[in-house]
Amino acid sequence: MDFFSVGRRVGGGGLLPSTTATAKVKPGRKSSSASSRRRGRLRDVLSPTSTFFLIGLSISFLFFVAVVLLYGVPNPLSSSHSKHRIARRRPLPSGGASSDGGGGGMAGGEMVAAAAVVDITTKDLYDRIEFLDVDGGAWKQGWKVTFAGNEWDDEKLKVFVVPHSHNDPGWRLTVEEYYQKQSRYILDTIVESLSKDSRRKFIWEEMSYLERWWREASSDKKESFVNLVKNGQLEIVGGGWVMNDEANSHYFAIIEQITEGNMWLNDTIGVIPKNSWAIDPFGYSATMSYLLRRMGFRNMLIQRTHYELKKELALNKNLEYVWRQSWDMEETTDIFVHMMPFYSYDIPHTCGPEPAICCQFDFARMRGFSYEACPWKFDPVETNSNNVQERAMTLLDQYRKKSTLYRTNTLLIPLGDDFRYVSMDEAEVQFRNYQKIFDYINSNPSLNAEVKFGTLEDYFGTLREEAERRNFSRPGEVGSAELEGFPSLSGDFFTYADRNQDYWSGYYVSRPFFKAFDRVLEQTLRASEILAALVLGYCQKLQCAKLPISFSHKLTAARRNLALFQHHDGVTGTAKDHVVTDYGTRMHTSLQDLQIFMARAVEVLLGDFHDKADPTLLSHFEPEQSRSRYDSQPVHKVLDGEPQSVVFFNPLEQTRDEVVMVIVSKPDVSVRHSNGSCVKSQVSPNWKHDMTEDGTKQHRLYWRASVPAMGLETYYVAHGSPSCDKAAPAKLRVFSDTPFSCPPPYVCSKIETDTVQIHNLLYTLTFDVKRGLLQKISHKDGKQTYVGEDIGLYSSVGSGAYLFKPIGEAKPIIEEGGQFIISEGSLVQESFSIPKTVWKNTPISHRTRIYSAQNTVQQLIVEKEYHVELLGDEFNDRELIVRFKTDIDNKRVFYSDLNGFQMSRRQTYDKIPPQGNYYPMPSLAFMQDPSGHRFSVHSKQSLGAASLRDGWLEIMLDRRLVYDDGRGLGQGVMDNLPNNVLFHILAESNVSALPSNHMLLTLQPSLLSHRVGAHLNYPMSAFVNKTRPPQKSLKLHRRSFAPLSSSLPCDLHVVNLKVPQPLKFTQVHPLASRFVVLLQRKGWDGSFCKHGGLHCSTIADEPVNLFYMFKDLTVSNVKATSLNLLHDDTEILGYNEQSGDVAQEGNVLISPMEIQAYKFDLQSQT
């Protein structure tokens, strides 16, 4: 049958395989590329032999002459400006909604007050929906669905039943336990069952399980698997290492996990996925649709969105739409989306609107199988010649009803659930019974229906073909050139509710210790990738290249362990305790491996590249911080005062100038730069959370360090150096309601006032002494920002790992008393508070720091560090928050980031309970008032945030919950660990006029705010030499290392610099482009100070050329590629047309907000 003829795409192997062949459209299928369609429609009109062409040419010439006579000859455009323009794909009809996202129109990277024009925004949906949770009957969250019967007279109903099995890589069991008990048998079953009948189809998503199975599978099974993929029976959908969470995961980790899975798949089986399948993440981010589009995906499927949004979209047949980024004015990010309409992805909720009927067609629920019986008391029965007509008509009735919720007559019916098809008996009972029903329907043409097993590619291919034949567009609909006939939508789908007022906002914070650990592993992996690439770039075929090549297996393991934790039951904190332990142990092992590699790479890069010694045996350096266990806090190595070198690695693309800190055992130390000059330094007591140590055994040594972009710099710490001043001790001021002993060599004084201040050149901070809380920030220009710091606890009933269900408001817990210590030095001023609470063991202590370091990012921020210990039973069913009750008139609107990539506007609605007004905060939240005063909080880890009252920004820090919340986990969250939460607070005021509608748009961070976030999330790594004195045992060829020709512009971020497959580095000809760099051009709010008083260029001011990016290295063979490194045809990725020019000119041509990947090669010039 023609409508089932869908082409497939298969890629080749290799290091970074070329996918030119895979980008071609197969015979039998029309190209749905917007540009191809436009060219096809215009081909005849624009032919030189066309009369229309000749008339148009004549008119154009006359118009040109008239313009020249009136205005003269126009000035030539600047090449740098013209390169950043993107031609609009097609005219946009009037009447479309303005997206809730800001940006889009950009000048030199600045985000101006414009937004993508779309038909639907999620903000509009929230404004319109009343959230009344009306009982819809059989479809409880919908309505009684009916149809007239003539809907399929002109176009028959084409139904694709898509068998699937959702395999969580860890949840109630560990990934290995699941594999051994279920997943290995499921994959065996798929191969055997599909091989028996070519009409059978299946889809598979998680590469973590497929790779594990592949290692053990026989050659016959592997061959069968590949054949099933290539003949279209088995489709790999998504193809990431896992099906990642979309609320907590950082975009770096998302790119990594998809790339790891996609590259393994292409190398092993020779296929590249192009359809995404995400049925289980708890809400959906617009960042994900952007990344998928830039990886060559064309279609997405999603499921877990708010049930009221599903109903609203279904009522208007808008469950299928084209998702556009809120900042995209050019339609370059459009991707087609299918949203499933019902409560769940299980069989009772996928065949149609009546689950009691659909459950009767889950034949694995018949007796003899282990699955629970249908809760509606109507169980499935075997299909036979006596009942097939009734069974078929009953099922077809559900299919017809479901199809009325969509625009086309092409229908998708998923057929599966968690860990299904675990045996041949189960697979056979499903395939056998369904095939009998299909045969009956297909043999009766009067039913106007065609039903068969299919894949996502079958479904989307047929839908696109139908959409190109028939016009589904509505009058005034903006739509998209990507696929006409469907509405365009922008926004995200948080916060998810599956029923009643059960909002899944608890998982934004569950297991915060491991959310923080996730980011530590992420930043360490990125730093290791960069160092490995630099070592290979400078070493090439020299002996020192052996280091990263020999480390390749552990590097791959680290990539995969980070990828595994991005699973939607990993970083979410929604797995059982022993599974969390398994995730943590894997991440800790990789963290230790990466730190060992980095220490050796530092020694190579500071040494002689021509040294013939074995680099894998190097061991002079060790990390300054380490963790003894997966569940322990990092511990600083204590320097004992003997001469010791400290080497810093700066993973950022700009020179880093900041105050650094190490721990020393003696306060009388001094610091030298590698050039021999003395460096001013400061010592302060190293207070612990509960002050069990008196501060005399360890001291914090601070000094100001400058480290080249992506480079290394060495400093020396020594005891009693006669030629350099010793570190200056901080002065202490103390309030304590218990006896306090002043530690030597510090001078202490008593605080007698109710308020106290610390200050640097820019800020004065005022504290409430008796509660130890920050009250306000006074700026040097006289402006004040009232902060109103408060710490409170929610009580809850029904909260669990997933759900947040508070009882009333959070109650403040800080009482007058406790200990409050001010430490003031020449570089760092700090307050340290151990507040008094009703509990003997306070659940929180906190520090507030400002820095006196002119012309640094640090001087512009206020640093808050909270140490949280929600450990005892007295905190059961409590959720700890910090709240900033500012004077910002934000109208209960704030902005939180999506995956560290972009911002999303958040508005508090009275019609939604507090838990529904909580949103993910992976790294940043800010509030702004109509006059442009902005209060930003950058976070080092993912948390949840809300603005429940005007001027309030609250952030949840930890939660301890006794009970399960009824979503399948079967336990509460009681394995809390001590955790440090680090914020960087930035108070800004606009320096230029704001548009009148700016409060309705998604605002972007300032350029300074982007720099603050980068410094927080990508800290410098410090290494110390193990043996002393360094000059006798460690012969370094150089003391510093600067691989970049110069710092990159401040709005250009190196997402990663890596060699994807180090093992093949020496085996592949350099023309294969062995290196990869991913660059992101930040979009920033130009109404705020561009530089923040810092030296900072932008890519518009100072264009970047890859050919001249590195010092002493020649860049060659540059070509743009997809973010998963598998597509070199950038047209299919949606990029602007000029992005391919980089191969000839080397110029980095990236529009603001975009991420672009480039393959290239490096050769040493020496």
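**Entry 1: the sheet with S45**

I started at Met 921, which stands opposite Leu 943 in S48. S45 and S48 (residues 943–946) pair in the antiparallel sense over three bridges. For my labels, helices (H or I, at least four residues) and strands (E, at least two) are DSSP runs, numbered from the N terminus. I count two strands as paired if DSSP finds at least two bridges between them.

A note on the source: this is a predicted model, where local features need pLDDT of at least 70 and side-chain atom pairs count only at pLDDT 80 or more, while totals for chains, interfaces and linings use all residues. Residues are numbered from 1 along each chain as its sequence is written, and side-chain values use heavy atoms, with hydrogens and water left out.

Stepping back from S45, I found six strands in an open antiparallel sheet, in the order S37-S36-S42-S49-S48-S45. Its edge strands are S37 (811–812) and S45 (919–921), each pairing on one side only.

**Entry 2: the mixed sheet**

Next I asked myself in which order the five strands of the other open sheet run. The order is S21-S23-S27-S26-S29, and the pairing is mixed. S21 (638–639) and S29 (728–729) stand at the edges with a single partner strand each, so one side of each is left without a neighbour in the sheet.

Inside this sheet I looked at S26 (residues 681–685) and S27 (residues 699–707), which run antiparallel and are joined by five bridges. I also looked up Ser 681, and its bridge partner in S27 is Trp 703.

**Entry 3: disulfides**

How many disulfides does the structure hold? I get six, taking a disulfide as a pair of cysteine sulfur atoms within 2.5 Å. With the bonded cysteines numbered in sequence order, the pairing reads 1-2, 3-4, 5-6, 7-8, 9-10, 11-12.

I looked at three of them. Here I use buried for under 20% relative accessible area, exposed for over 50%, and partly exposed for in between (1.4 Å probe, protein chains only).

Cys 359 is joined to Cys 374, S to S 2.0 Å. Both cysteines sit in the loop between H11 (355–358) and H12 (388–403), 15 residues apart. The link of Cys 359 and Cys 374 is left-handed, with -95° about the S-S bond, and both residues are buried.

Cys 539 and Cys 544 form another disulfide, with their sulfur atoms 1.9 Å apart. I noted -120° about the S-S bond for this pair, also a left-handed link. Both Cys 539 and Cys 544 are buried.

Then I turned to Cys 1050 and Cys 1096, joined S to S at 2.0 Å. Cys 1050 lies in the loop between H20 (1030–1033) and S52 (1052–1058), and Cys 1096 in the loop between S54 (1084–1085) and S55 (1113–1121), so the pair ties together parts that are 46 residues apart in sequence. Cys 1050 is buried at 9% relative accessible area, and Cys 1096 is buried at 5%.

**Entry 4: a surface patch**

Last, I checked Val 962, which is placed in the loop between S49 (952–960) and S50 (979–989). Val 962 is partly exposed, with a relative accessible area of 31%. Together with Tyr 963 and Met 974, Val 962 forms a nonpolar patch on the surface, with about 270 Å² of accessible area together.

My patch cut-offs are over 30% relative accessible area and no salt bridge, with like charges joined within 9 Å and nonpolar side chains (Val, Leu, Ile, Met, Phe, Trp, Tyr) within 5 Å. A salt bridge is a side-chain nitrogen of Lys or Arg within 4 Å of a carboxyl oxygen of Asp or Glu. Accessible areas come from the Shrake-Rupley method with a 1.4 Å probe, and for residues only the protein chains shown count as cover.
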